[in-house]
Structure formats: C-alpha cells, structure tokens
Amino acid sequence: MQKDHTTLNKIFGGLSFLISLVLYVLSMPPTAPFWDSPEFITCAYWLQIPHPPGSPFLLLLGRLFSMWVSPENVAYMVNMVSTVSSAFTILLLYLIIVRFVREFHGDPAGYDLIDRLALYGGAFIGAMTFMVSDSYWITATEAETYAVSLFFTSLTVWLTLKWSEQADRPGHERYLILIAYVFGLAFGVHLLSLLSTFFTAMIVYFRKWEFSVMGFLIMGAASVGIFFAIYPGTIIWLPSAAEQFGSPGLFFLMVLVLVGWGLYHTHTRGHRLANILLLGYSVILIGYSSYALIFIRAQTQPPVDQNAPENIGNFISYLKREQYGSTPLLTGNTFDNAQGTIDRSKESLFPRRYSREPRHLEKYAQYSSDLDFFWDYQMGHMYFRYFAWNFIGRDSDLQDAPWTDGFRSSDHKGTPGHNVYFYLPFLIGVFGMMYHFVRDRKRAAAVLVLFVVTGIAIVVYLNQYPFQPRERDYSYTGSFFAFSIWIGIGVTGLIHTIRSYWNHVAGTALILVLLLVGMPVWMGFQNWDDHDRSEQYVAPDYAYNLLNSLAPNAIIFTNGDNDTFPLWYLQDVEGVRRDVRVVNLSLLNTSWYIDQMKNRWNYEAEPVPISYTDEQIRNIERKFEFRNPTDFWTPQEVVIPVDKSLLASEVGANNGGFGVPIDRLDDAVRFYYEGNFLGTDASGRRMHYTRVQDDLVLDILRTNQWKRPVYFAITVSGDGQLNLQPYFRLEGKAFRVVPIRHDDPFGYVDPVIHGQRLHTFRLREVANPDAYFDENTRRMLDNYRTIITRQAQTWAQAGRADSALYWLQWGEEKIPFTTIQGDLTSLVTYALRYAQYGGQARAGELADMALEPLEKSMRNNIEFVDRLDNEILELEAAIQRNRTDRSLVTRHRSLSDRRGSAIREVSFDSSRFMIVQHIRFLIGDTAGAAEIAVLVNDITGGRIPFPTDPAETAANVQRIMGE
C-alpha cells in the first residue's frame, strides 16, 4: 500500500461502485414487478401523472433511460435508474465513512499500514454490508422512489462533510448552495431526502460554533424553520398563495422577480449571509421546478392522469395527497379502552389508535394505551423488527415475519427467506456508534440525528394503523444507511482497539478478511436466494393473462394496485389489448377519475358508459353528507333490464359476443343488494348507504345496456361484486357478467371458453426451480390453481374425466408444486381432484406433501387457543374482583374475538385433514386414512370429533367443498 491516499481511496471507492452495480444488475427484475413500480414505469415512459404527490424528476430520469430502447425493454431500463443510483449510494457511503474516520483520526498522509488497512477496510466493509442488507437490496433493484431518494440523502451527507473540510477556505459556501440544489431536485423524487436537513444543520453548527445549550437550541429551531420553509412552505404554501392571488403565472413571475432583486441587492450591498440564503432558496426553486412537468403534462390529459392536476386547485390537492386523507399526529380522537371504540367526545395528545375499521378496533383493544400501541406495534413491529431483519436476521419472507438470529429454532430453516447473521453486523454497528461518540461526539451526534429522523421520526409521522397490506421496511432505509456508517466505523475502531494489544499487519489483514466474510459475504450468501429477482416475469404475465381473458372492447373492474398497475404498464408501454378499458374500483370513488372514465378515450378503448352529468360527477361525494333521502340506500332487489331486440340490432343476432344466442339471455338481471350498514336512526331503524364505486358499477351496467362485455377481475373482493355472482361466468382470470342466472356460487364455467382463455396464458419462468418468488407473487400464482381446478371439475361433471385429468396435469406443468407450493387449501384441493378424476398416484403424493405443514398448523392453532383460554379465565377472575373496570370487559371481548378466529383456523385445519383422509379412502389407503384420524385426535386431545368411516368422511368433504 505505497500509493497515496487519493489513489487508494479512488480504487476502493471504484470497487464499491462496481461490485454493487454488478450485484444489483444481476439480481434486478427484468421487467415490471408488483406494487407501484409498473405505474412509475408507465408514467416515466410517456411522462404521465402517477399517484400523488408524484415524482417528476424520477419520471424524467426514467424517460431518459428508456427512450432509446424498444417497448419490451422499457421496464428493464427504468429499473436501471434505481440500480445505478443505488450503486452510487454505496460509493458515497464508502466515501462518507472514510471522511468520518479522517475527522477523528487525522490526515491519511500520516497513516501507517495498519491505519490504512483500518480506514479503507472499515469503510469498504461498512458499504458492502449495507449493499447486501435485506431492505435496501430489494429497494435498489426496482423502479421506485426510495433508491433515488436515498442517493440524494447520501449525496447531501457527503457534500456536508466535504463542506466541513473546506469550511475555512474561500468559496466554501458553494457546497451549501449545491446541497440546497440537491434538496430541490430531491423534492421531485421523494420528500424523505429533506430529512437530511437536520444532519447538515448539526454539522454546520458544530463546525462553526462552540457548543452551548442556547446555541444548540437556536440551531435546532433554525433547522426546523428551514425544514418548514421548504416543506410545506415552498412546496405547498407557494402554489396555494398563487391560487389565492388569482393569476398563478403572474404570481410566480413576481416571486422570481422578487428573488432576483433580492440576490442583486444583497450582492451589491455586501450582505453576504442574506445573499447566500437567497442563493440557496433560488436553487431550491430551480430544483423544485421539476414539478412543472406534472402541471404541463396534465394539460395533455394523458391516459394515466391521477388527480387530473391541470389547474392550480387540483395541483395543490395533488401535492398535499388529499386523496389519501390525513392521520392525526399531535392531537385527535383515539381509542378508549373503557368504551371499546374511538372516543369522539374529546381529543387526546399523541393519538395512535385512530382508525374506525372494525378489525383495527379489535386490535387496538389488545393494548392498554396509545403509548403501549406505539411502543409495541408502531415501534416494535413496524421499525425495530425491520431494523433487526437487516442486521440480525429474518425468520422468513412471510408477511409479519419476526426477526431471528440463527441461534434459535425456526420452522422456516432451509427456506429462501430465512436469513441469519448471528448478531455480528448489529454488534459491530453498536460498537461503532459507541466508538464514534468517544472519538468525535459532535459528528456522532449528527449521525444519530440522521438515524433517528429517518427512522423513529418517520414512525411517529406515519402513525400507521395495524394490518398493513405489505411490509413497510423500505421506508426506513435511510435509518439503516446511517447505522451502516457505524458498522464501517466499528470495523475501523475494532482494528484501532486491537492494535493496542496486537500491533501486527498480517493479523490486522486477517481480522479484516474475517469481518468481510462474516458480514457482507455471509449476508450476501444468505440473502441472494430471496433477493435474486432476475427470473421474475409474474406481474406483466398476470396482466397479459387477465387482459387476454377478456372479449374485445371489454370493461374490466379491478380492485387495487397489484391488479391495476401491471395492466396500465402492459397497455401503455407494450401496447397489449388497448381495446380494453380498465376501471379501478378504488379510484372510482373520486370525481376526477369518474370524469376521465366517462369523457376520455384510452387508446382504442371508448369512454365508459356513465349516465351521470358532469355536474353530478363534480358533486358526487356530497352524498356522504347524508342530508337528502337519496344519500341513503334502501335494501332492495336491483333490476337491470336486457333489451334483446337492441342487442340483436346493434351487437349481432347470433350471440352478441356472449357465446350463447341472445334469445337465451334472461329478460333482466335481478339481485338483492343490502348496501353498507351506516347505523340506526332516532327510531332505531337500520340505515344503509352505498359507496360511490357501488353507485357507478350499477350505473355502468344499466347505461351499457349489455353492449360491451363487462368483467370483474377475480381479485375483486366480495363486497365489490355487489351480489352479482349468480350472473358471473368464469373466463380465464376474470368473471364476465352474463345475463343468465345460475346457481354456482363461484361463477359458471363454460369449459370451452374458459379453456381457450387458459391456453393463451403466459407463465414465464414459473416452472424454473432456480427462480425465486416472494410471498405476494406465490399467492398470486397459487390463485391460478383455483381457476384450473374449476376447469377440471367442469369437465369431470360433464363426464369427461380424461379432459379433467389433462387440465390438472397442464396446471402442474405450468405451475409445479415444487416451485410454488401454494397454501394448504389449494394443495389438498388439487390432490382431491386428482383422486376423483383418475390420478390416484399423484393424489397420494400431493396429500403426503400436505401432511407435515398441516400437522404443524393445527398444533400451533390448538396451542394458541389453549393460551387464550388461560388468559380469558384469568381475565374473568379479574372482572369478578373489579366489576367497574370497563377496560377489562373490552379486553375480554377482544380475547374472545381472537379465540373465535383461532377456533375457525382449527376448524379449517380439521376440514383439510378430512379432505386428505378422503383422498386416502379414494386411493384405497384405508390404513393411511385411519392414521390421520389418530393424528388429529392426538393433536386436539379428542376435543374435535373426527370421522373414521369413509361414508361419513365423504359426506363431510362434500359439505366442505360445497358440492
């Protein structure tokens, strides 16, 4: 190591960048994954308007990366924006650790060999550890905001440290101006980057002033003031002021003139500090100007135009995310344990339990107070658990998986999502934090502030309710980034500490190699199998299969992000089935979206037939004021007529696209719809209401007059289907509403039509045993098995067992249980169908595959019921001792509800065991069937009657399967 510091630093920095870039490119999804990525890719390619508050600068980057490639490669290139940004983040992390060490250990020019090993080795190991950390690795490889946002955060930290080094030299202010510009650009990606303001303020304060309590408080107030001056001051209040002014263009021109005059005046008069502040604000405005993209592109009314921000009012609503509502932060109504519900009569400080959803209320009752919920759920479950995933270990890739360390037993050992690090990264990071505070407490405090504001402060701000639809660990990668700084400092500090006892170059190198292998190499080895998404095509294939399940010019109702955004991507980017009109039910509750559905074409797809006037659409949400009788819903039979003569003349005399002659259609579609329960009036009568989406679905069905095919995606929840199931016909991945009533609760199946749809399906790499699929993707793929077994069942009912067996085998060929094991219900159902349709050997194999996880599930559920029973008995005794404590009654009700849920799970397990037992009887394995009865009796202690007679089991299975 005879090279100078600059050369060596460039070498190790370059290695950090190249290694991370190669790793992320190798493990990156080749196309659009699920969640928000397909929407961002779609909007980046055509510069459209994504969900609020938008990410215009990210869209511009995505457009820049993707404008040179063919449509099928667009998703890959937009994913590359995150990949390249993340590699630069790892480079910056390395450089940041080096600068922190230099601050307390001096100029590297005077280092001996061991000091240099400690400096470069520590920084490199710290950067590599973060590179392969659980949460960041996923974030780094998909088209989302968080990777680019963290790049801006890391750039801000590095620039701040660079300024600190130059703070006594002329022209050092240029770094602060550049930091301000980075803030401005970062607004166009994600507001999380703005949190690094507090880190910068700390470094500036400690670099320029000696510590005093008053000075520190002034610095804190100033940093908070700067933060609020930027957000919401500039981002929200400035456009609001422009709207109130009446002429937004003139207002912003006046602002620019005023800022320009201020710059000139302060420069010519020598007001240096004021000039620097105005320069900083000017470049913030320049960076913020990326939001002009949203306003300008909204004028063109693109296909994806969320919130339609083409006027200042809508634009401000877009920036403020008003579509998503707001959560209480410092004061508000909260859950009262004595009442068992939200107390609306008073406001509490720091409300944490505010949601009125019934299942949320049930969860709230399990906590004694808001602070208990905050500490146990919001901090423990929604932050510390994620922190441990990244630096201690993760038990599995299942939703709500706990952390683990590698020293305890686990049911998930050997699965891809089981990753253990034996506490080593955590312990080195904690040591690094302590070492940093001992050697340089001022800058250590700045890192601590960065760690807290990007972690705990976000937890406080988000105020999350229970049962989140997905894990939220990606929100806290900034906090994990800060901790990784201490991992690098910890490695350096460990070398410095050890050399006091063992000053040996070879020994130092050996320690660094052991730490390199023990942390980043081991973590990379552990995490690779569940972070390699290079074979994942499921999201666009799901969209392809759904779109190709539909007749020409169809209208398809979808439910949420994962069954909508991939469709947008495939239609807008790859040009697949642009004749189909996708109608998202969640968005159908908003006036701007209804207006777009009614009044705009979408490529070849006509507007959606809606009878509401534009004025009615603008005021549609006023129904929730419940001032008029029409705002309520009376439970009733809904009748939608079928004009057969109109269909014959306009659509076609033969079948009108329904697959059956028009004269076989019913004269009207009739179904009872109760609506949603609102409460009782003064006389005790039950009141009901409908959601806007419900009103619109009914209106579309009436206004369409059956001219265009109307479908519901099979992922739409039951309450969104409005009791239309008696008119559903299953076609591929969608239910078509056909005006012919039937009695099948799961949708009528025409095996010819359904089979044609299935044969168009695209399921790339699903049968690849080396491909990894996360829990959400596995669940999505497992859902295919339901529509495949329905096809097999229909052919079997028609007396075609050979065709039924063909479809079961076709399904296993496309989606093998060896790659997508599926849940227990789908597994035993598939095995049952094999046993019924002539595939006895395979039925036995699948039944055997189900036994071990089924036994484990029932044992766990029985143990849980027993624990709840003991808690309930203890609580009942406490209630007898203190009858006035209503919180005990609420707690008892909550435990009873949880026990009811657990009992239902036990019942489900028992039903699955009966199906497996029935399979044993069908394939002639009576001894195996008897063993199952013995096993269930052993697990339950005989508390659940379990049949031993084949006829009784068959009757039970027939009841369970609804056949």
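Me: How do the residues lining the second largest cavity divide into nonpolar, polar and charged?
Reply: This is a predicted model, where local features need pLDDT of at least 70, side-chain atom pairs count only at pLDDT 80 or more, and totals for chains, interfaces and linings use all residues. Residues are numbered from 1 along each chain as its sequence is written, and side-chain values use heavy atoms, with hydrogens and water left out. Ala, Val, Leu, Ile, Met, Phe, Trp, Tyr, Cys and Pro count as nonpolar, Asp, Glu, Lys and Arg as charged, and the others, Gly among them, as polar. So the lining, which includes Phe 40, Gly 62, Ser 82 and Glu 144, splits by those classes into seven nonpolar, two polar and one charged.

Me: Okay, and how much space lies in the largest cavity?
Reply: Grid points are joined across faces, edges and corners, and a volume is the space filled by probe spheres set on them. The count is three cavities of 30 Å³ or more. For the largest, it's about 90 Å³.

Me: Which helix gives the most to its lining?
Reply: H7 (145-166) and H20 (477-498) each supply at least two residues. Tyr 146 and Thr 477 are among the lining residues. With four residues, the top contributor is H7.

Note on methods:
1 Å grid on protein atoms, 1.4 Å probe; cavity = no way out; pocket = protein on both sides within 12 Å on 5 of 7 lines; lining within 4 Å.
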